[in-house]
Amino acid sequence: MIIRLILHLALLLLFAPMLNGIIIKTKALFGGRIGAPLLQSYYDLARLWRKGFVFSRTTTWVFLAGPVVGLTVPLLASLLIPFGALPAPISFEGDLILFVYLFALSRFFTVASALDTGSSFEGMGAAREVTFSCLAEPTLLFVLLVLARLSDGLSLDTLLGSHLLTAWHSDAGASLGLILVCLFLVLLVENSRIPFDDPNTHLELTMIHEVMVLDHSGPALGMILYGAALKMMVMGALLVRLAFPWQTGWWLSDALMFLAGLAGLAVLIGVVESIMARLRLPRVPQVLVGTMLLSIFALVLVLR
Amino acid sequence: MNNAKPLRFRNGFVVPLVELPHLDYAEFSESLLAEVAADARIASYFGRPLADGLEIYAILAHDWNGELSLLRTQVNGSFPSLTPLCPQLHLFERELAEQYGVRPDKHPWLKPVRFHKTWIDAADIWGRPHGKHPVPGDMEFYRVDGEEVHEVAVGPVHAGVIEPGHFRFQCHGEEVMHLEISLGYQHRGIEQMLIGGPHPSTIYLLETSAGDTTVGHATAYSQLLESLAGCESPLRAQAIRALALELERLANHVGDIGALAGDVGFLPTASFCGRLRGDYLNLTAELCGSRFGRGLVRPGGVGFDLDGTLPQTFVERLKILKRETRGAIDLCFDAPSVLARFEGTGLVRTDDAEALGMVGVAARGCGLVRDARLHHPFGIWEGGFDTPIIELDGDVFARGNVRRREINASLELINQLLRGLPQGPISQPLGPLAADSLALSLCEGWRGEVVHAAITDAVGRIDRYKIVDPSFHNWSGLSMAMRGQQISDFPLCNKSFNLSYCGFDL
């Protein structure tokens with residue numbers, strides 16, 4: 001049990017920043033550049049960690065709570081989700097609700113810490129973040145409902161169990177395909193990727209997630225970046241397990257297959273970011289409502 | 001109608017001041033408004049302090065006649081503002097008020113422009129403390145009141161590495177109701193430093209009045225001095241100037257399209273155009289050693305010749321660059337996700353563009369044919385340019401597409417220039433400048449028309465030098481373009497205009 005927990009966390013903590021490195025490398029290749037080294041995200045984190053804290057006099061403890069909660073929540077959430085064929089260290093009936101709302105908790109604190117600065121940009125970013133994520137939330141829940149219908153339990157470990165492979169070959173395959181698309185879009189929204197948000201932009205008026213953390217620096221920014229990387233890996237784990245439900249039975253090959261799946265997902269995100277422009281902001285809610293309808297449709301298909 | 005028929009000239013004219021009638025202000029305003037009603041637009045409008053008041057010169061462009069007309073009047077203390085009847089004057093009148101402490105009565109938007117002390121010993125009309133440098137951006141901003149209205153202030157320090165400027169948005173949710181732009185952070189007092197010239201440093205000041213339009217401003221200045229000296233630069237020099245001007249246009253337009261793509265997060269075009277812009281700048285560097293064309297254009301000719309194998313190298317490099325540029329740009333203009341962002345964003349109606357007196361790329365994107373190479377030809381273009389490019393929609397796409405088509409046109413023009421490069425000297429010495437005269441020179445820089453005007457004193461020294469960068473006309477266009485738009489689209493609109501802060505601030 002302890003060994004499984006350590007392996008789970010080690011995979012998460014060590015591999016998560018690599019995903020961003022792979023995305024950046026993919027984008028660089030599309031842009032005709034060599035790009036930053038794969039390990040750049042690790043260097044950045046090390047650099048930020050060595051710096052000191054700078055706090056504005058107008059902020060309170062809430063300002064620091066944002067990054068701290070942002071880092072701990074993905075860690076907690078990761079314990080509930082299986083990494084590929086490796087089962088989740090903690091699992092109980094109904095943990096999927098906890099999984100979804102742990103992220104809501106971290107969002108609440110990120111938004112609160114953004115509002116704490118009193119800056120008009122951060123307020124704007126917070127408003128956008130809240131609007132978009134409350135539109136993304138139903139999609140995620142419907143997706144989990146579809147998975148719950150296909151399995152006979154209400155824990156994420158059961159939901160993403162070995163029955164998925166047979167489910168893909170049954171009538172439910174179409175539904176699984178639909179929710180895979182929905183999950184990918186939710187992943188892009190939640191991790192502020194193109195076409196919903198642009199993680200590289202320096203234009204404060206167009207940012208969503210980035211603008212909320214403009215005033216954080218040093219270790220606090222490091223925590224936010226690391227937390228974001230962990231979040232992407234945790235949400236990616238859901239997607240990867242759904243897309244590659246095979247298992248070999250040996251923990252090492254299972255772990256490697258999981259990591260390969262994640263790397264593939266990162267490349268896919270990189271490709272999407274390279275060939276698409278950002279959506280206009282008013283279009284984002286429309287796309288999210290569309291995704292929600294898609295996931296409802298998937299649910300209808302498995303309920304019939 | 002008893003208004004005096006104003007004198008009409010062509011680009012590059014010199015007129016002795018004695019030949020210019022003194023109109024009284026009523027006559028002046030009547031003639032000016034009549035001219036504007038007859039399709040003229042304000043090219044330049046500036047004052048010259050005299051012992052007993054302020055002389056105002058208005059230069060109007062009649063584009064389709066290829067003519068410029070000139071009016072002069074004198075005011076003292078305050079005068080009725082013409083802005084309510086002719087909105088394109090609004091910044092010019094504010095400028096006069098700030099520089100000379102005169103008051104345009106009933107000006108609807110009388111605020112400082114560049115935040116500097118008055119140029120002459122006159123009281124500041126806004127009552128700012130005498131002798132102290134005013135704080136830029138320290139003024140009453142337009143405010144919209146209401147419970148759901150919020151104000152967003154951006155700048156002068158921005159998140160990217162760009163010039164400083166302050167933008168004040170009045171927003172209702174994500175929608176912008178009004179944008180007010182306050183500049184002046186880069187005011188260096190260039191026009192003041194030019195008085196008493198030409199000094200040895202004059203050309204360097206002008207080259208840096210807007211760094212990305214180095215060739216444009218240097219060409220306008222050189223032409224001005226040449227007309228004042230009554231000589232013409234050799235044909236070969238004119239061709240090299242035109243070539244450098246088109247290279248400047250190419251570099252900036254390619255960079256702008258890359259930046260537009262970057263703003264909507266479209267990676268490939270953003271990356272490739274950044275590199276290609278560097279390639280075009282390097283071509284300019286091959287010619288004169290400076291990527292921005294510093295030191296190339298000089299009064300009397302050019303400082304560097306396009307000799308030896310250079311023309312051949314240019315032709316070969318441009319052949320490759322043309323293919324690559326087209327590829328990179330078409331990628332962006334063929335992507336539906338990009339077009340969805342460009343089309344319908346940042347609309348300026350043609351009427352508004354005309355009323356605001358917009359020029360250059362931004363005006364041509366609104367369907368106004370305003371291109372000094374066509375209407376007020378200078379240098380090698382006399383009779384040689386017939387392909388102005390216009391787009392009708394007035395949105396970000398139109399401004400982007402004007403650039404795309406101008407890139408293709410410029411590549412063609414450079415090819416023609418390289419094939420028919422005239423032989424001969426590249427420079428000739430200038431004689432003394434005409435005394436007590438007014439000279440004017442227009443040049444189509446990449447952003448739009450650059451207007452320089454100079455008045456000389458009794459010994460042929462510069463007494464007043466007036467620079468009008470295209471940005472001066474166009475910043476109000478950006479404000480108009482933002483009305484009713486999403487605030488998140490502001491960076492995109494701003495980039496589609498890509499106006500100069502320092503060219504405005506001078």
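Which domains does the domain assignment of chain B give? The assignment gives domain 1, covering residues 7-105, and domain 2, covering residues 211-469. The legends below describe close-up views of a predicted model.

**View 1. Domain 1 of chain B meets domain 2 of chain B.**
The C-alpha centres of domain 1 and domain 2 of chain B lie 27 Å apart, and across their boundary 21 residues of domain 1 are in contact with 26 residues of domain 2. On the side of domain 1 that touches domain 2, the elements that give two or more residues are strand 2, strand 3 (41-50) and strand 4 (53-62) of chain B, and strand 3 gives the most, with six residues. The residues on this side of domain 1 divide into 13 nonpolar, five polar and three charged.

**View 2. Strand 3 of chain B is joined to strand 4 of chain B by a hairpin.**
The hairpin that leads from strand 3 of chain B to strand 4 of chain B passes through two residues, and the two strands pair in the antiparallel sense over nine bridges. Within this pairing, B:Tyr45 stands opposite B:Ala58, which belongs to strand 4 of chain B. Strand 3 of chain B is mostly covered, since seven of its ten residues are buried.

View 3. In the pair formed by strand 13 (residues 437-444) and strand 14 (residues 449-456) of chain B, seven bridges join the antiparallel partners, and B:Glu444 stands opposite B:Glu449 in strand 14 of chain B.

**View 4. Chain B is in contact with chain A.**
Where the two chains touch, 25 residues of chain B are in contact with 23 residues of chain A. On the chain B side, strand 8 (149-154), helix 7 (267-288), helix 9 (336-342) and helix 15 (490-497) of chain B each supply at least two residues. The residues of chain B that form this side divide into 15 nonpolar, seven polar and three charged.

**View 5. Helix 10 of chain A crosses helix 11 of chain A.**
The axes of helix 10 (residues 218-243) and helix 11 (residues 251-275) of chain A come within 9 Å and cross at roughly 105 degrees, so helix 10 of chain A and helix 11 of chain A are roughly perpendicular to each other. At this crossing, A:Met233, A:Gly236, A:Leu239, A:Val240 and A:Ala243 in helix 10 of chain A meet A:Phe258, A:Gly261, A:Leu262 and A:Leu265 in helix 11 of chain A. The residues of this contact divide into seven nonpolar, two polar and no charged.

**View 6. A:Gly125 is buried in the model.**
A:Gly125 is found in helix 5 (residues 120-150) of chain A, and A:Gly125 counts as buried because 27 other C-beta atoms lie within 10 Å, where 20 or more are needed. Leaving aside residues up to four places away in sequence, A:Gly125 touches A:Ala114, A:Met207, A:Ile208, A:Val211 and A:Met212. A:Gly125 and A:Leu205 are 80 residues apart in sequence, yet 8.5 Å apart in space, C-alpha to C-alpha.

**View 7. A loop of chain A holds a cis peptide bond.**
The peptide bond from A:Ile194 to A:Pro195 is cis, with omega near 10 degrees, and A:Pro195 lies in the loop between helix 8 (173-190) and helix 9 (209-212) of chain A. A:Ser192 is also found in the loop between helix 8 and helix 9 of chain A, and has a positive phi of about 45 degrees although it is not a glycine. A:Ser192 counts as partly exposed because it has 19 C-beta neighbours inside 10 Å.

**View 8. B:Phe115 has a positive phi.**
The phi of B:Phe115 is about 60 degrees, although this residue is not a glycine. B:Phe115 is found in the loop between strand 7 (103-105) and strand 8 of chain B, and with 21 C-beta neighbours inside 10 Å B:Phe115 counts as buried.

Definitions and conventions. Residues numbered from 1 in each chain as written. Chains lettered and ligands numbered in written order. Predicted model: local features only at pLDDT ≥ 70, side-chain atom pairs only at ≥ 80, totals over all residues. Pairing = 2+ DSSP bridges. Helix = DSSP H or I, 4+ residues; strand = E, 2+ residues; numbered from the N terminus. Contact = placed C-beta atoms within 7 Å. Nonpolar A, V, L, I, M, F, W, Y, C, P; charged D, E, K, R; others polar. Buried ≥ 20, exposed ≤ 12 C-beta atoms within 10 Å, placed from the backbone. Axes fitted to C-alpha atoms, helices over the stretch in contact; angles between N-to-C directions. Parallel < 35°, antiparallel > 145°, perpendicular 65-115°, else oblique. Domains from an automatic or database assignment.
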